[in-house]
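Please read the numbered points below alongside the model.

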Amino acid sequence: MIRNTCLRPRAALLAALYLHLALAVLVSAQDAEATVQGEVIASQPDGGLFVQLIDVHHNVTARGDVRGDGSFELDHVPPGEYTVRVVTLTGESLYERPASVGRWTNQIEVRVPERERKPAAGSAGTVTMRQLLHPPSKKALQSFAAARKFASSGNHAGATAALERAVTESPDYAEAHINLGVQYIQAGRYQEAGAEFQRAIAIAGANAPVLCNLAWVQAVTGQRDLALESVRGALRLDQGSAQGHLILGALLAGDPRTREEGVRHLTRAAETLQSAREMLSRLAVAQRR
C-alpha cells in the first residue's frame, strides 16, 4: 500500500473523528473588524483542514488554513452573524454551526460527535494496479510536500504550481490530481478542476468526496445531468455523505417535479450541515408566497 502523509484530502481518513473548534474573537472598540483566532483539534488529525466563516448571504467572508498545531487566524472579519464551517482540502464540510462575531472578546466552541467512517471504494484503503505500477517519483513527492507548505501559508498560487509539477513528473499520482483540482476550484478554474477530479478517478477509482467535488463543478458549469449522475454515484458509495445529500438536494429542489425528493435529501444533510437547514428554510418561505 502506498501511503503519503502530505495533503491527505479525504475526510474518510479522519476515522473516529472528534473535532473541537475554539474561536477567540478579538476586537478593539475603535476597530470595526475582528481578528478571529482559534484551534481545531481532531482525535486523528489528517492535515489539510480549513475554517470558513459564511455570512447570512451565504458568502465566504473569511477563510483560513488550519496550521500544523491546529491553530488558525481569520483577519478583517466584520462583526455579525456567521456560520463557522470546517472543511477538508476537497471541500467536504466536516461540521458547521452558527456563531457571532462581536466587538468584545468571545469564546465559541464547536464539538463534533465522534463518528466512524468506513472506507468507500477507491478510498485510502485501496490501491489500484495502475497506482502500484506507477508510484509517485521522488521529485513528485517533493513537489507534493512543497504544495502542502504553500497551502498552509496561504500561498495558493505556489501550491498550484507545485502540484502541477507533481502531476507532470508523475501523471498517475492520484492525490496530486485531487489536490490540484481543489486549488483550481479556489481560483475559479472550474473546467480544469473537473478534469483533475476525473483523472484522479480514472487512476484510483471513485470515492464519495471526489465525486461530490466533481458534481459541484459540473453543476456550477451548467452540466446538471452529469452533476446528478456524479452525486448519485457518491451516495451509492457513501449513503451517509452529508455533502452528497446537500448537493443532490440542491439540484433537485429547484425543480417542482423533483422538489419532494430534493427536500428529503436536504433534510438528511440538515442533520449536520447548517447550509442545508438554511436552504430548507428558504424553500419553506418560497412555498408560502
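1. Which helices do the buried residues of α7 pack against? In this predicted model, the buried residues of α7 pack against α6, α8 (242-253) and α9 (259-269). The buried residues themselves are Ala227, Leu228, Ser230, Val231, Gly233, Ala234 and Leu235. Helix α7 spans residues 224-237, and its 14 residues reach 20 Å from the first C-alpha to the last, close to the 20 Å expected at 1.5 Å a residue.

2. Helix α5 (residues 190-204) can be checked in the same way: at 1.5 Å a residue its 15 residues should span 21 Å, and because its end C-alpha atoms are 21 Å apart, the model agrees with that expectation. Buried in α5 are Ala193, Gly194, Glu196, Phe197, Ala200, Ile203 and Ala204, and just after the helix Gly205 takes a positive phi of about 90 degrees.

3. The largest nonpolar core has 20 residues, and those with the most contacts inside it are Leu163, Tyr173, Ala176, Ala193 and Phe197. Two or more residues of this core come from each of α2 (138-152), α3 (156-169), α4 (174-186), α5 and α6 (208-220), with α4 giving the most, 6 residues. Another core lies apart from it and has 16 residues, among them Val40, Phe72, Ala99 and Val101.

4. Leaving aside its neighbours within four places in sequence, Thr160 is in contact with Leu180, Gln183, Tyr184 and Arg189. Arg189 is also linked with Glu164 and Glu192 in a network of salt bridges.

5. The open sheet of 4 strands has the order β4-β3-β6-β7 with antiparallel pairing, and its edge strands, β4 (60-65) and β7 (93-101), each pair on one side only. Neighbouring strands of this sheet are turned by 20 degrees against each other on average, direction ignored. Strand β3 (residues 49-54) and strand β6 (residues 80-88) pair in the antiparallel sense over 6 bridges, and the bridge partner of Leu53 in β6 is Val84. Helix α10 (residues 274-288) lies across β6 and β7, running at about 70 degrees to β7.

6. Gly38 has its place in strand β2 (residues 34-42) and counts as buried because its relative accessibility is 15%. Gly38 and Phe72 are 34 residues apart in sequence, yet their C-alpha atoms are 5.5 Å apart in space; Phe72 is also one of the residues of the 16-residue core.

7. The count of salt bridges comes to 6. Glu261 forms a salt bridge with Arg232, with the closest N and O atoms 3.1 Å apart, and this pair links distant parts of the chain, since Glu261 is in helix α9 and Arg232 is in helix α7, 29 residues apart. Glu261 counts as partly exposed at 22% relative accessibility, and Arg232 counts as partly exposed at 31%.

8. How do the accessibilities of the other charged pairs stand? Arg257 and Asp255 meet in a salt bridge of 2.8 Å, N to O, where Arg257 is exposed, with a relative accessible area of 76%, whereas Asp255 is buried, with a relative accessible area of 15%. Arg264 forms a salt bridge with Glu260, the closest N and O atoms being 3.9 Å apart; both lie in helix α9, 4 residues apart, about one turn of the helix, and both are exposed.

Note on methods:
Residues are numbered from 1 along each chain as its sequence is written. This is a predicted model: local features need pLDDT of at least 70, side-chain atom pairs count only at pLDDT 80 or more; totals for chains, interfaces and linings use all residues. Side-chain values use heavy atoms; hydrogens and water are left out. The expected span of a helix is 1.5 Å times one less than its number of residues. Buried means under 20% relative accessible area, exposed over 50%, partly exposed in between (1.4 Å probe, protein chains only). A nonpolar core is a set of buried Ala, Val, Leu, Ile, Met, Phe, Trp, Tyr and Cys residues joined through side-chain atoms within 4.5 Å. Contact means heavy atoms within 4.5 Å. Two strands pair if DSSP finds at least two bridges between them. Axes are lines fitted to C-alpha atoms, for helices over the stretch in contact, and angles run from 0 to 180 degrees between N-to-C directions. A salt bridge is a side-chain nitrogen of Lys or Arg within 4 Å of a carboxyl oxygen of Asp or Glu.
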